[in-house]
Amino acid sequence: MEERIRLRLDVAYDGGGFSGWAAQPERRTVAGVLTATLDLVLGAGTATGLTVAGRTDAGVHASGQVCHLDLPAEVWQTHQGALLRRLARLLPADVRVRAMTEVPADFDARFSATFRRYEYRVTDARWGAEPLRRHEVLAWPRPLDLTALNAAAAGLVGEHDFAAYCKRKDNATTLREVTRLDWRRDPDGLLVATVQADAFCQAMVRSLVGAMLVAGDGRRPVDWPAGLLTRRERSNEVTVAPAHGLTLVAVGYPDDPTEYARRADLTRRLRVPTAS
């Protein structure tokens, strides 16, 4: 039987030109572009089992995405010294593989993950977003109060049923544990929300941001976003924030590689079937 090895890929991309991560017929996706390039370099079907930590939606960016794939050990031995540079030459400019690392066979980019961390960038400057950052920053038409944003965020931290903020899928749980949710205002005036959880439902992060923004500009009370957690269906009062302000910045894994399998098993029992 052919020996195979597993590789972890650390990937970054500008989501503006992609219809999300997942491969779709006749649509440009990150997985589709990455698979086609690997096929070109290694031969069609040589790399198998491409699995991602978080399936980002159309227009969402990533600076810290993680995926894994499997290769014949002989192919990896032949190409490992030059593969990263060859991918850099052949991949389009809006997606980069930043690292390729051999990992244990029980590493699972999706199920071994302990957290996903996103950042959402907003400007409330009267003139809008800076031209060079317009593809990653949402221009908000009203002044935003940092204290109000953080008060709204505080009520959403912890383990809750986020059904009001999720696009529900059949047989999928909307129970999630948000371990970090806060806002900061950077020296350049940008407001940045950091959202971290064990996993997210589809559209959950952008829905949370949409709810917090209307509390931050005073149109809703600061306890309104948390109040929606009593709902058991998606709330039509929540506007999903635009995709271009959102970036996946980090995915966490156990420090001890021997814990990959245990973590994956725990996640499968808690979350299957679910959205990353």
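Biologist: Leaving aside neighbours within four places in sequence, which residues is Asp124 in contact with?

Modeller: Contact means that heavy atoms lie within 4.5 Å. Beyond those neighbours within four places, Asp124 is in contact with Trp140, Arg142, Pro143, Leu144, Arg185, Gly189 and Leu191. Please note that this is a predicted model, in which local features need pLDDT of at least 70 and side-chain atom pairs count only at pLDDT 80 or more, while totals for chains, interfaces and linings use all residues. Residues are numbered from 1 along each chain as its sequence is written, and side-chain values use heavy atoms, with hydrogens and water left out.

Biologist: Where is Asp124 found?

Modeller: Helices (H or I, at least four residues) and strands (E, at least two) are DSSP runs, numbered from the N terminus. Asp124 is in the loop between β5 (115-123) and β6 (138-139). The protein has 7 helices and 10 strands.

Biologist: Does Asp124 count as buried or exposed, and why?

Modeller: A residue is buried under 20% relative accessible area, exposed over 50%, and partly exposed in between (1.4 Å probe, protein chains only). Asp124 counts as buried because its relative accessibility is 17%. Buried residues make up 51% of the 276 residues in the protein.

Biologist: Which polar contact joins the side chain of Asp124 to another side chain?

Modeller: A polar contact is a pair of N or O atoms within 3.5 Å; within protein, one must be able to donate a hydrogen and the other to accept it, and residues adjacent in sequence count only if both atoms are side-chain atoms. The side chains of Asp124 and Arg185 are joined by such a contact of 3.1 Å.

Biologist: What is the radius of gyration of the protein, and what would a compact globule have?

Modeller: The radius of gyration is taken over C-alpha atoms, and the globule rule is 2.2 Å times the number of residues to the power 0.38. With 276 residues, a compact globule would have a value near 19 Å; the protein has 20 Å, which agrees. Along its principal axes, the C-alpha trace spans about 60 × 45 × 35 Å.
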